Amino acid sequence: MEFPVYLHVGTQKILLHMVTEIVSFFIAFRFYLYLKRKQGDAISGMNRLYILLGATLGALLGSRILGGLEDPLALMASPSPLKYFYLNKTVVGGFLGGLAGVEIMKKIIGEKQRSGDLYTYPIILGLIIGRIGCFSMGVHEETYGLPTTFFTGMNLGDGLLRHPVALYEIVFLLLLAVSIRYAERSVPLDSGARFKLFMIGYLLFRFLLDFIKPHYTWSVGLSSIQIACLLGLLYYFRYIIQPKRLLISHAGSSLHIL
């Protein structure tokens, strides 16, 4: 297998990654609309649009800010820091920025219903499609792992056997989706619990995954993404130490976290 992977359309070559980025958003949004029609939505149409707007703006800002801070040395060496932030993005920053954007928007419009459950499975599906594209780039995009002698090691284009972290993430996301679905059928999950389970699981996974990825390491021994993951897990800490808060018996709580 040669990296990066191209699709051949007539005489033209198109990066598979470009296609999967577009397809991931399209399919994820269509899946969201399908679930919205099938399951209904306790949030009014206009408020849901405002929440989507908050999520989108927050995700755009968060993904670029954290992406730009992944390598502070490259940022400082860049002749145009604003352009550097624009060109670099990360999913973790998008999730945390989107979370902040939603919470701010809900405060502005006075919406108290938890809003994240409808997004959970579409996000997972979009991520899986997107990570297929990331894998197709090999070492030509910074979504590859460190060299390894483990049996999963793959030559991603530079002659070294590396951890195929994009494939690890795809497997994890599939298992996470199955686990959340099993939890839904096994216990009475409160509104918003599905999204919280996703965020807790994904942030923990990404924190661990960065130990086998090349990155700039701060003096605390962690990367920017790992620090962001810890902050996100701290946000959900009450649910980590008291998972019963995710059950319907706690639906009367005054907390309305996404």
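Two strands are taken to pair if DSSP finds at least two bridges between them; helices (H or I, at least four residues) and strands (E, at least two) are DSSP runs numbered from the N terminus. The structure is a predicted model, in which local features need pLDDT of at least 70, side-chain atom pairs count only at pLDDT 80 or more, and totals for chains, interfaces and linings use all residues. Residues are numbered from 1 along each chain as its sequence is written, and side-chain values use heavy atoms, with hydrogens and water left out.

Strands β1 (residues 6-9) and β2 (residues 12-15) run antiparallel and are joined by four bridges. Within this pairing, Y6 has L15 of β2 as its bridge partner, and H8 stands opposite K13 in β2. The two strands form a hairpin with two residues between them, and G10 in the turn has a positive phi of about 65°. The segment before β1 contains P4, and the peptide bond from F3 to P4 is cis, with omega near -5°. Most residues other than glycine have a negative phi, and most peptide bonds are trans.

Two packed helices are described by the angle between their axes and the distance between the axes. Axes are lines fitted to C-alpha atoms, for helices over the stretch in contact, and angles run from 0 to 180 degrees between N-to-C directions. The axes of α1 (residues 16-39) and α6 (residues 117-136) come within 8 Å and cross at roughly 165°. That makes α1 roughly antiparallel to α6 (angles under 35 degrees count as roughly parallel, over 145 as roughly antiparallel, 65 to 115 as roughly perpendicular and the rest as oblique). The crossing of α1 and α6 is right-handed, a crossing being left-handed if the near helix is turned anticlockwise from the far one by less than a right angle, and right-handed if clockwise. Contact (heavy atoms within 4.5 Å) involves residues including V23, I27 and F31 of α1 and L125, G126 and I129 of α6. The contact of α1 with α6 comprises 14 nonpolar, eight polar and one charged residue, where Ala, Val, Leu, Ile, Met, Phe, Trp, Tyr, Cys and Pro count as nonpolar, Asp, Glu, Lys and Arg as charged, and the others, Gly among them, as polar.

Helix α6 also packs with α8, at an angle of about 35° and with the axes 7 Å apart.

Residues including F172, L176 and I180 in α7 meet residues including L197, Y202 and F205 in α8. The contact of α7 with α8 has 12 nonpolar, one polar and four charged residues.

Rings of Phe, Tyr and Trp (its six-membered ring) pair if their centres lie within 6.5 Å; planes under 30 degrees apart count as stacked, over 60 as edge-to-face and the rest as tilted. The count comes to 13 aromatic pairs. F172 and F205 form a stacked pair, 4.2 Å centre to centre with 5° between the planes. This pair links distant parts of the chain, with F172 in α7 (residues 165-186) and F205 in α8 (residues 193-209), 33 residues apart.
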